[in-house]
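Let's take a friendly walk through this structure together. Have a look at the sequence and the model first, and then we can go from one part to the next.

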Amino acid sequence: MSLILIGFMASGKSSVGQLLAKILSKSFIDTDEAISQKVGMSISDFIEKFSIADFRKIETSILKEAIGQYDVLATGGGIVELEENRKLLAQEKKVVYLKTDFSIARKRISADKINKRPVFENSNPDELLACFKNREKYYQALSNYVVDTTDKNINEIVEILKKIEFV
Ligand code: S3P
């Protein structure tokens, strides 16, 4: 059964998942990375060229393929937007919500000059907060474990996750 990391943009899903998988010699997939490889361009370029709806379609197909195939999955923050994805996640038993304060997430996103996030770039502060609040309900409802990442470094988060047994 896969351990699936969910949470808002910049909550640390990718770096935590990668480190956890490395330490435990488990297989790992980052859905954003897999999408980017599949389409041959960055996610922001893809969304700009096509649309967020096209991105979400690929995200769903990657999620379907990856669940059960990889030990550790890091998802994109918007994975909970589609009902189809929520249904897939609801069937899983090791869904971990990396909970991060909105203000911390927002600061990290705007400081990240390498990974451009269209959902952030195309939202004003009120819209972003509304998006956070809406998704937070789903993250909470769909997760079997919640790790509050506030005041924790990556190693501390990984230590907590190591206690969640998975194969
Ligand atoms: C998105 C989050 C991004 C990426 C895409 C859309 C979102 O992933 O999937 O830009 O809708 O929140 P991160 O959560 O890794 O930033």
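Is the crossing of helix 1 and helix 9 left-handed or right-handed? Before we settle that, please keep in mind that this is a predicted model. The crossing of these two helices turns out to be right-handed.

Let's stay with this pair for a moment. Two packed helices are described by the angle between their axes and by the distance between those axes. Helix 1 covers residues 13–24 and helix 9 covers residues 154–162; their axes are 10 Å apart and the packing angle is about 60°. Because of that angle, helix 1 counts as oblique to helix 9.

Now move on to another pair. Helix 2 (residues 31–39) and helix 4 (residues 52–66) have axes that come within 10 Å and cross at roughly 115°. That angle is why helix 2 is described as roughly perpendicular to helix 4. The crossing of helix 2 with helix 4 is right-handed. Here Thr-31, Asp-32, Ala-34, Ile-35, Lys-38 and Val-39 from helix 2 meet Phe-55, Ile-58, Glu-59, Ser-61, Ile-62 and Glu-65 from helix 4. The residues of this contact comprise six nonpolar, two polar and four charged.

While you are at helix 2, look for Ser-36, which sits in this helix. A polar atom of the Ser-36 side chain lies 2.8 Å from the backbone oxygen of Met-41. Apart from neighbours within four places in sequence, Ser-36 is in contact with Met-41, Ser-42 and Ile-43.

Our last stop is the ligand. Which residues come nearest to it? Of the 13 residues around the ligand, the nearest are Asp-32, Arg-56, Gly-77, Arg-117 and Arg-135. Arg-117 places a polar side-chain atom 2.6 Å from an oxygen atom of the ligand. With Gly-77, a backbone N or O atom lies 2.7 Å from a ligand oxygen atom. Lys-13 has a polar side-chain atom 2.8 Å from an oxygen atom of the ligand.

Terms used
Residues are numbered from 1 along each chain as its sequence is written. This is a predicted model: local features need pLDDT of at least 70, side-chain atom pairs count only at pLDDT 80 or more; totals for chains, interfaces and linings use all residues. Side-chain values use heavy atoms; hydrogens and water are left out. Axes are lines fitted to C-alpha atoms, for helices over the stretch in contact, and angles run from 0 to 180 degrees between N-to-C directions. Helices (H or I, at least four residues) and strands (E, at least two) are DSSP runs, numbered from the N terminus. Angles under 35 degrees count as roughly parallel, over 145 as roughly antiparallel, 65 to 115 as roughly perpendicular and the rest as oblique. A crossing is left-handed if the near helix is turned anticlockwise from the far one by less than a right angle, and right-handed if clockwise. Contact means heavy atoms within 4.5 Å. Ala, Val, Leu, Ile, Met, Phe, Trp, Tyr, Cys and Pro count as nonpolar, Asp, Glu, Lys and Arg as charged, and the others, Gly among them, as polar. A residue is near a molecule or strand if one of its heavy atoms lies within 4 Å of it. A polar contact is a pair of N or O atoms within 3.5 Å; within protein, one must be able to donate a hydrogen and the other to accept it, and residues adjacent in sequence count only if both atoms are side-chain atoms.
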